[in-house]
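Hello,

Please find the structure below. My notes on it follow.

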Amino acid sequence: MSRVPGWLGRVGAGLTAVSNRLDERRAEVERENAEAEPPPPADQAPPPADHVPPPPEHAPAVAARPDPAHAVPWGMRVAAEAGWRLLVLAGTLWVLMRVISAVQLVVLAFVAALLITALLQPAVARLMRIGFPRGLATALTAILGFVIMGLIGWFVTWQVMENIDNLSDQVQDGIDELRKWLLNSPFHVTDKQINDIAENLREAVGANTDQITSAGLEGVTVVVEALTGILLAVFSTLFLLYDGRRIWEWTLKLVPAAARPGVAGAGPRAWRTLTAYVRGTVIVALIDAIFIGIGIYFLDVPMAVPLAVFIFLFSFIPLVGAVASGALAVVVALVTQGVFTAVMTLAVVLAVQQIEGHILQPFILGRAVRVHPLAVVLSVAAGGMVAGIGGAVVAVPLVAVTNTVVGYLRAYSHEAALKQSPRRGVATTPTAPEPPNAPPAP
């Protein structure tokens, strides 16, 4: 017999009934809400079990973080983009310079062959126009050109060896005269100071005897390298004169197809610039050598003809070569003929160089190879630091050719952009200009 009171049983039964009615009411409300909402699309998957519903509209919004690239200022982004590209370019140039330094002899020989080819190629073309075969025209031009260069070198060496004894005596007499002039000059130079300077020079030569000897031994290596470079330049010149066009066409195959038309158009212009530079430099150097040689000959400066040849050769180094060759002529005049002759020699050299700089170069070279004097100075200095005298010789023609190529490619890109304008409707590829009758490459 249960001991639970009857009223407690009735209370429990009432609570159960209320709970059942609440469940029924909740089910009715859910059915009404389900009928009011539109059904989800058929291709939409049901939300996963762990799906978190979005916050209600009245909940505060959390600010989204910006993209890091947009958070950096525009100027800093541009500087960073330019910076890493400059670093890549600097690294590429450094590797290229290391490679060139490793094969410096080959590079200088090939560049010298290009310069000689630019000088001799018009003669080959002229012989071919009058009916000579290409091989015979190349052989005749090369033999004649190299014979003339060899005769010039032989003549300079012969003149120096013939006059070395006489020059030595004249130098000694000139030093004595210079010593007397210094003692009687307003500079108040004493005999003791002159003797001290001479003694210091002798001690310097004696202290550096080992270095002078080692330099003499290294001179043998230099001679061997020079002969090797001359042979490479000769063979390269022969092949460039005979087969220059096919070499240029093969080089074009190494260029990407998209850039090939522009490079094909820039080639003939670069070659014309190089040819104009070499011809103009030879003519200007020849005029300098003739007029300065005539001037120092009438001033009775010894070895006037060899000095004129040195002036001709040094004129291929812009700015620096003219100063060095003129200074050499002035020094020889000073130690052999005295101060007055040296001053007159200096006047002749300066007058000829002024005529060269203001009349000859603008008239002969023209606008084709016009390079700013600052670019000339910097290029000669950089070429001399990288490859010595050879680098100083090839620096200016390299800058002139680069200036021509860059200017043409800029104009070519502008023309291509105009031809690809939306006004045309369909983009067209610009065609490179036809090469001239002369080969676009040596």
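How many nonpolar, polar and charged residues are in the lining of the second largest pocket? The lining has 36 nonpolar, nine polar and no charged residues. Here Ala, Val, Leu, Ile, Met, Phe, Trp, Tyr, Cys and Pro count as nonpolar, Asp, Glu, Lys and Arg as charged, and the others, Gly among them, as polar.

This is a predicted model, in which local features need pLDDT of at least 70 and side-chain atom pairs count only at pLDDT 80 or more, while totals for chains, interfaces and linings use all residues. Residues are numbered from 1 along each chain as its sequence is written, and side-chain values use heavy atoms, with hydrogens and water left out.

A pocket is an open set of points on a 1 Å grid over the protein atoms alone, where a 1.4 Å probe fits, with protein on both sides within 12 Å along at least five of seven lines; lining residues have an atom within 4 Å of a point. A volume is the space filled by probe spheres set on the points, which are joined across faces, edges and corners.

The second largest pocket has a volume of about 1,400 Å³. Among its 45 lining residues, Phe-110, Val-111, Leu-114, Leu-398 and Val-401 are the closest to its centre. Helix 12 gives the most to this lining, with 17 residues. Helices are DSSP runs (H or I, at least four residues), numbered from the N terminus.

Helix 12 (residues 373-419) also holds Gly-391.

Regards

Terms used. Helix = DSSP H or I, 4+ residues; strand = E, 2+ residues; numbered from the N terminus.
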